[in-house]
Amino acid sequence: MNLLLEFYNKIGGVLDPKEKDDIELHLFRRARLYDMLGIPNRFFRGAKVLDIGSGSGYNALAFLLFGAKVDIVEPNQQAQNKAIELFARFNIEQNQITIYSDIRDVKNENKYDLICAEAVLHVLEVPL
């Protein structure tokens, strides 16, 4: 098991500084970030997004509220549960989200307009 995943399982979830209920500010920052990257907000309407290492789902929530369908890869069950609770608070329909515990479960035929792997590449167990 990945040491980081083992740590999060031990503490009972994820450390998420955005749990302060300031979703509007988070959405503004996300929209601004993607706009600066050349991805305007309208890109997400109807887009298919893969969010790898989504934690408790705050970035996935932004994609969803911007109009995307989102596949999430998150091995931490506590984080998955927090994401599901977060999405329920914002009345996100279940058909807008698919949650995978392992990247190997994502189907090869899935096509994505955007793949987000923010802050996860450094924890992958890749042999040197």
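1. In this note, contact means heavy atoms within 4.5 Å, and on that basis Asn59, leaving aside its neighbours within four places in sequence, is in contact with His26, Arg30, Asp51 and Glu118. The model is a predicted one, in which local features need pLDDT of at least 70 and side-chain atom pairs count only at pLDDT 80 or more, whereas totals for chains, interfaces and linings use all residues. Residues are numbered from 1 along each chain as its sequence is written, and side-chain values use heavy atoms, with hydrogens and water left out.

2. On the overall architecture, the chain has 4 helices and 4 strands, and their order along the sequence is α-α-β-α-β-α-β-β. Helices (H or I, at least four residues) and strands (E, at least two) are DSSP runs, numbered from the N terminus. Among contacts between residues at least 6 apart in sequence, 67% join residues at least 24 apart.

3. Helix H3 deserves attention, being mostly covered, with 7 of its 8 residues buried. The buried residues are Tyr58, Asn59, Ala60, Leu61, Ala62, Phe63 and Leu64, and what covers them includes helix H2 (23–36), strand S1 (48–52), strand S2 (69–73), H4, S3 and S4. Just after H3, Gly67 takes a positive phi of about 110°.

4. The packing of H3 (residues 58–65) on H4 (residues 77–89) can be described by their axes, which come within 10 Å and cross at roughly 35°; axes here are lines fitted to C-alpha atoms, for helices over the stretch in contact, and angles run from 0 to 180 degrees between N-to-C directions. Tyr58, Ala60, Leu61 and Leu64 of H3 and Leu86, Phe87 and Arg89 of H4 make the contact. These residues divide into 6 nonpolar, no polar and 1 charged, with Ala, Val, Leu, Ile, Met, Phe, Trp, Tyr, Cys and Pro counted as nonpolar, Asp, Glu, Lys and Arg as charged, and the others, Gly among them, as polar.

5. Asn59, which has its place in helix H3, is buried, with a relative accessible area of 14%, and its side chain is joined to that of His26 by a polar contact of 3.4 Å. A polar contact is a pair of N or O atoms within 3.5 Å; within protein, one must be able to donate a hydrogen and the other to accept it, and residues adjacent in sequence count only if both atoms are side-chain atoms.

6. Arg30, in helix H2, also counts as buried, at 11% relative accessibility. Its side chain makes a polar contact of 3.3 Å with the side chain of Asn59 and another, of 2.8 Å, with the side chain of Glu118. Not counting residues up to four places away in sequence, Arg30 touches Asn59, Ala62, Phe66 and Glu118.

7. Phe63, also of helix H3, is buried, with a relative accessible area of 0%. Leaving aside neighbours within four places in sequence, Phe63 is in contact with Tyr34, Phe44, Val49, Asp51, Ala68, Val70, Leu114 and Cys116. The C-alpha atoms of Phe63 and Leu50 are separated by 9.8 Å, the two residues being 13 apart along the chain.

8. Cys116, found in strand S4 (residues 114–116), counts as buried at 8% relative accessibility. Apart from residues up to four places away in sequence, Cys116 touches Tyr34, Leu50, Asp51, Ile52 and Phe63. Cys116 and Asn59 are 57 residues apart in sequence and 9.1 Å apart in space, C-alpha to C-alpha.

9. The phi of Asn91 is near 55°, a positive value in a residue other than glycine. Most residues other than glycine have a negative phi. Asn91 counts as exposed, at 66% relative accessibility.

Conventions:
Buried means under 20% relative accessible area, exposed over 50%, partly exposed in between (1.4 Å probe, protein chains only).
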